[in-house]
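Have a look at the sequence and the fold first, then read on with the structure open beside you.

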Amino acid sequence: MKRIIALVFLVLACQSLTAQETMASKPKAGASKTLSNVQKGKSIFLANGCMDCHSVNGQGCTEGVSLSSVGLRRDAEFLKQQLVDPDKHVEKNKKAFNSEPNLMTNPNLSPGEVSLIVDYLQTLKKPLPKKGSKSKDYNTL
Ligand code: HEC
């Protein structure tokens with residue numbers, strides 16, 4: 001129960017953060033297309049419950065897979081396929097997923113949404129953990 005309450009708070013916190021960022025980003029007329037795609041991707045990421053199972057820089061579900069360094073570890077095509085059909089992708093890439101079965105629900109995103117989330121995920125490049133690090137943020141595959 002506590003966990004459910006915590007999740008609801010988390011989702012609310014994420015959404016208000018998204019709203020603030022969206023508002024803050026609007027007046028920046030000269031911002032590059034790429035930067036605004038990354039911001040859009042982040043908003044879609046936050047709005048689609050990704051943080052219910054994942055963490056980024058210590059925020060979100062730290063028991064789940066951290067995406068903090070996913071931009072260093074995976075290329076755009078890998079990220080795209082995981083979002084389009086996690087079942088098929090995990091089955092096809094057993095080694096990358098340590099032969100674990102797929103636990104990720106299909107987020108049912110449009111191709112445009114997938115592409116924007118991939119733009120955002122590619123900016124997540126926190127250095128990989130030192131061996132033996134106990135930080136939950138480094139709970140990578
Ligand atoms: C129900 C929990 C759950 C949700 C919700 C979820 N994921 Fe996942 N995700 C997982 C799990 C578990 C894995 C590990 C591989 C697998 O089981 O598919 C994973 C793997 C990934 C990977 C590959 C990570 C790596 O290191 O290779 C990416 C990228 C990813 N998820 C992105 C997302 C995005 C973006 C969203 C939101 C649209 C999302 N996930 C929503 C559970 C979830």
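**Notes on the model**

1. H4 and H6 meet in a right-handed crossing. Helices here are DSSP runs of H or I with at least four residues, strands are runs of E with at least two, and both are numbered from the N terminus. Please bear in mind that this is a predicted model, in which local features need pLDDT of at least 70 and side-chain atom pairs count only at pLDDT 80 or more, while totals for chains, interfaces and linings use all residues. Residue numbers start from 1 along each chain as its sequence is written.

2. How do H4 and H6 pack? Their axes lie 10 Å apart, at an angle of about 135°. H4 is therefore oblique to H6. For reference, under 35 degrees counts as roughly parallel, over 145 as roughly antiparallel, 65 to 115 as roughly perpendicular, and the rest as oblique. The axes are lines fitted to C-alpha atoms, for helices over the stretch in contact, and angles run from 0 to 180 degrees between N-to-C directions.

3. Which residues make this contact? H4 contributes Ala76, Leu79, Lys80, Leu83 and Val84, and H6 contributes Val114, Ile117, Val118 and Leu121. Sorted by class, the contact has 8 nonpolar residues, no polar ones and 1 charged. Two residues are in contact if their C-beta atoms, placed from the backbone, lie within 7 Å. As for the classes, Ala, Val, Leu, Ile, Met, Phe, Trp, Tyr, Cys and Pro are nonpolar, Asp, Glu, Lys and Arg are charged, and the others, Gly among them, are polar.

4. Stepping back to the whole protein chain, you will find 6 helices and 3 strands, arranged along the sequence as α-α-β-β-β-α-α-α-α. Of its 141 residues, 21% are buried. Here buried stands for 20 or more other C-beta atoms within 10 Å of a residue's own, exposed for 12 or fewer, and partly exposed for anything in between, with C-beta atoms placed from the backbone. Among contacts between residues at least 6 apart in sequence, 69% join residues at least 24 apart.

5. Now the ligand. The shell around it holds 27 residues, and Cys50, Cys53, Leu103, Met104 and Pro107 come nearest. Helix H3 (70-73), helix H4 (76-84), helix H5 (86-92) and helix H6 (111-121) are the elements that each give two or more residues to this shell. H4 gives the most, with 3 residues. The shell has 17 nonpolar, 7 polar and 3 charged residues. A residue is near a molecule or strand if its C-beta atom, placed from the backbone, lies within 6 Å of it.

6. Most residues other than glycine have a negative phi. Asn98, in the loop between H5 and H6, has a positive phi of about 50°. Asn108 is found in the loop between H5 and H6, and its phi is near 50°. Asn98 is exposed, with 7 other C-beta atoms within 10 Å, and Asn108 is exposed with 9.

7. Leu116 belongs to helix H6 and is buried, with 22 other C-beta atoms within 10 Å. Leaving aside neighbours within four places in sequence, Leu116 is in contact with Asn37, Lys40, Gly41 and Ile44. Thr34 is 82 residues from Leu116 along the chain, with 9.6 Å between their C-alpha atoms.

8. Finally, Ser69 lies in the loop between strand S3 (65-66) and H3. Ser69 is partly exposed, because it has 19 C-beta neighbours inside 10 Å. Ser69 and Gln122 are 53 residues apart in sequence, and 8.8 Å separates them from C-alpha to C-alpha.

Key: Left-handed = near helix turned anticlockwise from the far one by under 90°.
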